Amino acid sequence: MIGGLYGWVVYLPMAFLGFTPVAHVVHAQLNTLYQFWIHTAMIKNLGPLEWILNTPSHHRVHHGRNPYCIDKNYAGALIIWDRMFGTFEPEHQDESVVYGIITPVASFNGIWVQFNTYISIISRLSTFKSLNHKLKSLYMGPGWRPGTKRLGNPEDIPAIESPIRVFEVSVPAWKTLYAFVHFVVLVVFFKHAAAHYNQWGTVTVWTVCFAIMITLGNVGSVLDDRKWIPMAELARCGVLGLMISKGAEVDLVGAPAVALRTLFALSAMLWTGCLTKQLAEPSQKRQ
C-alpha cells in the first residue's frame, strides 16, 4: 500500500527515454496481471519455460523464508533478469518452501502490518553509533550490519523450525462474528465511497479515508484480542454513529443510514459493557 506512494520514482527515467505514460501504464498492468497465475503450488515445473519466464516454481522461492529463498527471484514476468543480475535461485526439491518473512508479523491489524516495517527501520537506527552506519542501514539490506555485505550475512538467517508455528489467537465466537460484520460493512461502504467521493468536500474525503483506516486496524485488532480494543471500538463506533446521525456529507439517507446508526449504537453498547467489565477486574482482584 505504502509502496505506491514512492514506487513511481524508479520508473521516472523511462519518461526521459521517450516512453509515454500510456505505454508505462499498459506495461505495468500487464506485468501485474501476469503475476496472478504464478501464485500457486499446483503447478510444479514448466520445462524449458523455466529458463525465460517467472513461473510458479520461481515465485514460490521469492515468497519463501527458507534461508536459500531470501532476496531471490525478484522478477515480474521474465526470470532472465534475475539470472543476469545474480539473484536467481531455483526451487529446492528436497526442501519445502515455507512462505512468509523472517520475522512474521504477529497481528491481524492491517495498518500495523503496513507500518511496522518502517517503525523497525527507525528503531534500528539507534543501534548504530556513527552517522555513516545509520545512513547505510537505511539503504542496505535489512540484515546488514557493519562488516557484512550489502544484504547481510546469510548465516544470520534463522533456519526453519519444525513444526512451523503460525500466528493464531483464540477469541470468542462473538468477536469473530463482530469482526466479520464490521468488515463486510466496511467493504460495502468503501464501494459507496468510491462511487461518490468526487461529490464530497476535501475534508469529508480525508475524514472518510481516516475512518476506513481506523476501522481496518480495529477490526484486525479485535481478532488479535488486544486489551485496548474495548476503548478504541467504543470511541470509533460512537464517533461514526454520531457523524451519521448528524447528517455527515457521505450521501447516506433512508434505510442505509438507519442501519448504520443502529449497528454503531449496538456496538457501542456492547463495548461499553466490555470496558466496564475490564475496568472492574483489577478492583475485584485486589479484593
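Relative accessible area sorts residues into buried (under 20%), exposed (over 50%) and partly exposed (in between), with a 1.4 Å probe and protein chains only. The legends below apply these classes to a predicted model, in which local features need pLDDT of at least 70, side-chain atom pairs count only at pLDDT 80 or more, and totals for chains, interfaces and linings use all residues. Residues are numbered from 1 along each chain as its sequence is written, and side-chain values use heavy atoms, with hydrogens and water left out.

**Figure 1. Salt bridge between arginine 145 and aspartate 156.** A salt bridge is a side-chain nitrogen of Lys or Arg within 4 Å of a carboxyl oxygen of Asp or Glu. In this pair the N to O distance is 2.2 Å. Arginine 145 and aspartate 156 both sit in the loop between α7 and α8 (173-196), 11 residues apart. Arginine 145 is partly exposed, at 39% relative accessible area. Aspartate 156 is also partly exposed, at 41%. By the same rule the model holds six salt bridges.

**Figure 2. Salt bridge between arginine 60 and glutamate 91.** The two side chains meet at 3.0 Å, N to O. Arginine 60 belongs to helix α4, while glutamate 91 is in the loop between α5 (80-85) and α6, and the pair links parts of the chain 31 residues apart. Arginine 60 counts as buried, with 5% relative accessibility. Glutamate 91 is buried too, with a relative accessible area of 18%.

**Figure 3. Aspartate 225 and its salt bridge to lysine 175.** The N to O distance between these side chains is 2.5 Å. Aspartate 225 lies in the loop between α9 (202-224) and α10 (229-245) and lysine 175 in helix α8, so the bridge ties together parts that are 50 residues apart in sequence. Which of the three classes does aspartate 225 fall into? At 32% relative accessibility, aspartate 225 is partly exposed. Lysine 175, in contrast, is buried, with a relative accessible area of 13%. The backbone of aspartate 225 has a positive phi, near 60 degrees, in a residue other than glycine. Most residues other than glycine have a negative phi.

**Figure 4. Aspartate 71 in the loop between α4 and α5.** Aspartate 71 is not a glycine, yet its phi is positive, about 60 degrees. The residue is partly exposed, with a relative accessible area of 25%. Asp71 is also among the lining residues that lie nearest the centre of the largest pocket, which the next view shows.

**Figure 5. The largest pocket and its lining.** Rolling a probe the size of a water molecule over the atoms shows where empty space is left. The search uses a 1 Å grid over the protein atoms alone: a cavity is a set of points where a 1.4 Å probe fits but cannot get out, whereas a pocket is an open set with protein on both sides within 12 Å along at least five of seven lines, and lining residues have an atom within 4 Å of a point. Grid points are joined across faces, edges and corners, and a volume is the space filled by probe spheres set on the points. The largest pocket holds about 1,500 Å³ of space. Its lining has 39 residues, with Ile70, Asp71, Ile102, Pro142 and Gly143 nearest the centre. How many residues does α6 give to this lining? Helix α6 gives six, the most. Helices α4 (56-62), α6 (110-125) and α7 (131-139) each supply at least two. By type, the lining has 18 nonpolar, 16 polar and five charged residues. Here Ala, Val, Leu, Ile, Met, Phe, Trp, Tyr, Cys and Pro count as nonpolar, Asp, Glu, Lys and Arg as charged, and the others, Gly among them, as polar.

Figure 6. With a disulfide taken as a pair of cysteine sulfur atoms within 2.5 Å, the count comes to zero. Cysteine 209 is partly exposed, at 36% relative accessible area.

**Figure 7. The chain as a whole, for orientation.** The chain has 11 helices and zero strands, where helices (H or I, at least four residues) and strands (E, at least two) are DSSP runs numbered from the N terminus. The radius of gyration is 24 Å, well over the 19 Å that the globule rule gives for 287 residues, so the chain is more spread out than a compact globule. That radius is taken over C-alpha atoms, and the rule is 2.2 Å times the number of residues to the power 0.38. The C-alpha trace spans about 60 × 55 × 45 Å along its principal axes. Of the 287 residues, 28% count as buried.
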